Amino acid sequence: MNFDVSSRLSHESAPKRANDAEPPIGESKKASAPRSMSKTEPAAETHSRPRWDEVSVSQITPKMKAEDLHASFGSAEVIKGISLPVAEKLVTAIIGPSGCGKSTFIRCLNRMHEVVPGATTKGKVLLDEQDIYDRNVDPVRVRGRVGMVFQKPNPFPTMSIRDNVLAGLRLNGIKLRDPDGQVERALRQVALWDEVKDRLAKAGTSLSGGQQQRLCIARALALEPEVLLMDEPCSALDPIATARVEELIHELRESYTIVIVTHNMQQAARVANFTAFFYLGQLVEYNRTQVIFTRPKEQRTEDYITGRFG
Amino acid sequence: MNLGSATYARRHFIDRVVRGSCVLGTVVALVPLASVLYYVLVRGIGGIDLDFFTELPKPVGEAGGGMGNAVVGTLTLVGLACLFGIPPGILAGVYLAEFGHSRFARLVRFSADVMSGVPSITVGLFVYSLVVLTTKHFSALAGGIALAILMLPMVTRTTEELLKLVPESLREAALGLGVPKWRATLRVMLRTALPGIAVGVMLSVARVAGETAPLLFTAFNNRFWSSGVDEPTASLSVNIYANAVSPYEDWHRQAWAAALVLLLTVLLLNVSARFLVRTRVRAR
């Protein structure tokens, strides 16, 4: 990657070690769970840097932190008091059945939830120790620091590939010092450069679905956010495009804090360092991905990941 | 399932009757349109020459002359109408699309719908009492305002409907990039809907370009070139009326020519609006 990440990498904390027996954050009513999920054994865990495998939830260096977060649409409460630290420069996956509040939760992390008419939140979300729901915080600035990739690729149809990458900067009125370089860097980061470098002037919507999604990721990265939220980024993509995006997540976690919502448990197992299981608007269990998929503490987690419901 | 051949024969017959009436209905609808076009073309084509666009009307009895002042007048009036009508129309449309849930917005939407049904001569009277009586003379300005009032509801509602068609995901994309709402609305939502809005605006221009009634006592008429927008101004439509009711053969000829020019202008606006839609669809 050509992107300048030295500053991001320099303050990476030292590797931490802990044993697997770390209790999960979610309420623990059940002492142990049988290991019976050989087929969901996270195959991709071997890719990740080994030192992270040893970090436990309580040792997370949080980049963001939800504290007793509640979120509602009108009178319907969708998130019912969730506290969750998001580890810096690691990937946190949120899994759970449809309607459990996964998407609503991450939309609270950059104040996109309140964009929907009637949507409200209660509680705190800390970004670098500052509550983004503080009265003095401008949601627009939060969204500049906490970028978002949506479920369906949504490039701007009126803009070329190039302009889509620069859209965030331009629409924010940021002077472009080196637009060509910025476009190339962002597109290289998402491994799209070689595919589109000869047709940057073509419409962003002329690309395939997988390419469009990577374009949207490039568009978010061009703003150099600190955190990247991904709301089921692969649900509209075919398996090959999904693999590309997952590879990309692997690379991006070197420089970004990533929170990914996914329906696909294998995907969580492949890309995430930590996994949180949500059910009916509550956090059931949160732990290292490997622990969640091999030795979940909660019966409901186990039922879900073994496909008994959801 | 077998319903018997009689049932199928009956269905076949009904099918033919229905299809036949549809074709007949289409022909009936097309006959007046085609005959108007044909008649205006045949009667008007003889009166069209360069002089028609450049010369002033000649006094009764003198041959030749043109309607240059009316051509320019119509352009002036339509231009003024665009100036007064399009910006507030688009802004009101944006308001309705973005904040359309309030009681006030519903009132605005309802008024716009009512306004588009108001007879155009009523609008002319309104502007007459509001502008002409206060300024004490007929003017292009008054005519332009009358036409703008007619355009306003069309532009407003078109803008609203087309903005609503823009996927919400694009707004979220923009907001997710840390773009303020107003800028997301203008530079993403409005920008995406713009080709469609342009078509709506062109159709509303085509509609008011041919209006006569609201100009009768606002822009009035003028046998000469107008030297400013505060003067009575000739227009093709009012001239068609004035010439047609006159007893002179020459004037009638010119009325037909004016009708043809107006018709072709409106046709051109409509066709280019459709063309714009088609190229936009193809670009996707």
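Trainee: Does Asp49(B) count as buried or exposed, and why?

Mentor: The model is a predicted one. Asp49(B) has 12 C-beta neighbours inside 10 Å, and 12 or fewer counts as exposed, so Asp49(B) is exposed. Asp49(B) sits in the loop between helix H1 (5-45) and helix H2 (50-54) of chain B. In sequence, Asp49(B) is 208 residues away from Ala257(B), yet in space the two are 9.3 Å apart, C-alpha to C-alpha.

Further along chain B there is a pair of helices to look at. Helix H5 (residues 120-135) and helix H6 (residues 140-165) of chain B have axes that come within 9 Å and cross at roughly 135°. That angle makes H5(B) oblique to H6(B). The crossing of H5(B) and H6(B) is right-handed. On the side of H5(B), the contact is made by Ser120(B), Val123(B), Gly124(B), Val127(B), Val131(B) and Val132(B). H6(B) brings Leu141(B), Ala142(B), Ile145(B), Ala146(B), Ile149(B) and Leu150(B). By class, the residues of this contact between H5(B) and H6(B) are 10 nonpolar, two polar and no charged. In general, an α-helix has 3.6 residues a turn, so residues three or four places apart point the same way.

Next comes the place where the chains meet. Here 16 residues of chain B are in contact with 21 residues of chain A. Helix H7 (168-176) and helix H8 (181-209) of chain B are the elements that give two or more residues to the chain B side. H7(B) supplies the largest share of that side, seven residues. The chain B side as a whole has eight nonpolar, four polar and four charged residues.

H7(B) itself has buried residues: Arg171(B), Ala173(B), Ala174(B), Leu175(B) and Gly176(B). The buried residues of H7(B) pack against H8 of chain B and, in chain A, against helix H3 (139-145), E6 and helix H4 (161-171). Just after H7(B), Gly178(B) takes a positive phi of about 75°.

Tyr279(A), for instance, has Gln282(A) in E10(A) as its bridge partner.

Chain A also has an open sheet of four strands, in the order E2-E1-E4-E5, and its pairing is antiparallel. Its edge strands are strand E2 (76-87) and strand E5 (130-131) of chain A, each of which pairs on one side only. Between strand E1 (residues 62-73) and strand E4 (residues 119-127) of chain A, the antiparallel pairing extends over eight bridges. In E4(A), Val125(A) is the bridge partner of Ala66(A). Helix H2 (residues 102-109) of chain A packs on this sheet, where it touches E1, E2 and E4 of chain A, and its direction makes about 60° with that of E2(A).

Notes: Residues are numbered from 1 along each chain as its sequence is written. Chains are lettered from A and ligands numbered from 1 in the order in which they are written. This is a predicted model: local features need pLDDT of at least 70, side-chain atom pairs count only at pLDDT 80 or more; totals for chains, interfaces and linings use all residues. Axes are lines fitted to C-alpha atoms, for helices over the stretch in contact, and angles run from 0 to 180 degrees between N-to-C directions. Angles under 35 degrees count as roughly parallel, over 145 as roughly antiparallel, 65 to 115 as roughly perpendicular and the rest as oblique. A crossing is left-handed if the near helix is turned anticlockwise from the far one by less than a right angle, and right-handed if clockwise. Two residues are in contact if their C-beta atoms, placed from the backbone, lie within 7 Å. Ala, Val, Leu, Ile, Met, Phe, Trp, Tyr, Cys and Pro count as nonpolar, Asp, Glu, Lys and Arg as charged, and the others, Gly among them, as polar. Two strands pair if DSSP finds at least two bridges between them. A residue is buried if 20 or more other C-beta atoms lie within 10 Å of its own, exposed if 12 or fewer, and partly exposed in between; C-beta atoms are placed from the backbone.
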